[in-house]
Amino acid sequence: MKCPVCRATYRPVNETPSCRRCGADLSPLIQIHDQAVWHYRQAIQLVKAGDYAAAQTQNNRALALHYNNADFHALAGQVWALQGEFQLASAAWKQALKLEPLHPVACSCLRILTELSQGDIFRLTESDLG
Ligand SMILES: [Zn+2]
């Protein structure tokens, strides 16, 4: 999370909800961020439970509160992929990588998707079977 005033990266130190550099009160932002993370965690639970539609609703709420979070976009991609929407999944992972170029989930998912779309699905299956 970045301070909207001076763009310093905020890290929760000593529970102080203010920017270390410029002193701006960041507590409203932190509240929104916490709320977004709550929705994101709900979404993960729903994915595990197999309820992808509900997971998507929760993750969309997280994104509405905090759009510039690579984790939320990466999860959106996974939820799309689980529903067979690979173009939308790919777009979500690319958005995650725009925000965080080395995001591990988005990187590996996009790579797998690219390999699949290049017809390597059979090679992958064979190597998976050993
Ligand atoms: Zn600041």
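Me: What arrangement do the four donor atoms around the zinc ion make?
Reply: The arrangement is tetrahedral, because the four donor atoms subtend angles of 103 to 116° around the zinc ion. Four donors count as tetrahedral if all angles lie between 85 and 135 degrees. Please note that this is a predicted model, in which local features need pLDDT of at least 70 and side-chain atom pairs count only at pLDDT 80 or more, while totals for chains, interfaces and linings use all residues. Residues are numbered from 1 along each chain as its sequence is written, and side-chain values use heavy atoms, with hydrogens and water left out.

Me: Which residues coordinate the zinc ion?
Reply: Cys3, Cys6, Cys19 and Cys22 do, each through its SG atom, at 2.3 Å. Donors are N, O and S atoms within 2.8 Å of the metal (3.2 Å for Na, K and Ca), and sites may look incomplete because water is not among the atoms.

Me: What spacing do the donors follow along the chain?
Reply: The spacing is C-x2-C-x12-C-x2-C. Cys3 and Cys22 both lie in the segment before helix H1 (27-48), so this pair ties together parts that are 19 residues apart in sequence. Helices are DSSP runs (H or I, at least four residues), numbered from the N terminus.

Me: On to the helices. At what angle do H3 and H4 pack?
Reply: H3 (residues 70-82) and H4 (residues 86-99) pack at about 165°, and their axes are 7 Å apart. That makes H3 roughly antiparallel to H4, a term for angles over 145 degrees. Axes are lines fitted to C-alpha atoms over the stretch in contact, and angles run from 0 to 180 degrees between N-to-C directions.

Me: Which residues of H3 and H4 meet?
Reply: Among them are His73, Gly77 and Trp80 in H3, and Phe86, Trp93 and Leu99 in H4. By class, this contact of H3 with H4 has 12 nonpolar, four polar and no charged residues. Contact means heavy atoms within 4.5 Å.

Me: And how far apart are the axes of H4 and H5?
Reply: They are 9 Å apart, with H4 and H5 (residues 104-117) packing at about 145°. Residues that meet include Lys94 and Leu97 in H4 and Cys107 and Leu113 in H5. The contact of H4 with H5 has nine nonpolar, one polar and one charged residues.

Me: What about H2 and H3, at what angle do they pack?
Reply: H2 (residues 52-65) packs with H3 at about 160°, with the axes 10 Å apart. The two are therefore roughly antiparallel to each other. Tyr52 and Asn59 are among the H2 residues in this contact, and Phe72 and Val79 among those of H3.

Key: Angles under 35 degrees count as roughly parallel, over 145 as roughly antiparallel, 65 to 115 as roughly perpendicular and the rest as oblique. Ala, Val, Leu, Ile, Met, Phe, Trp, Tyr, Cys and Pro count as nonpolar, Asp, Glu, Lys and Arg as charged, and the others, Gly among them, as polar. Four donors count as tetrahedral if all angles lie between 85 and 135 degrees; four count as square planar and six as octahedral if opposite donors are over 155 degrees apart and all others between 65 and 115; anything else is irregular.
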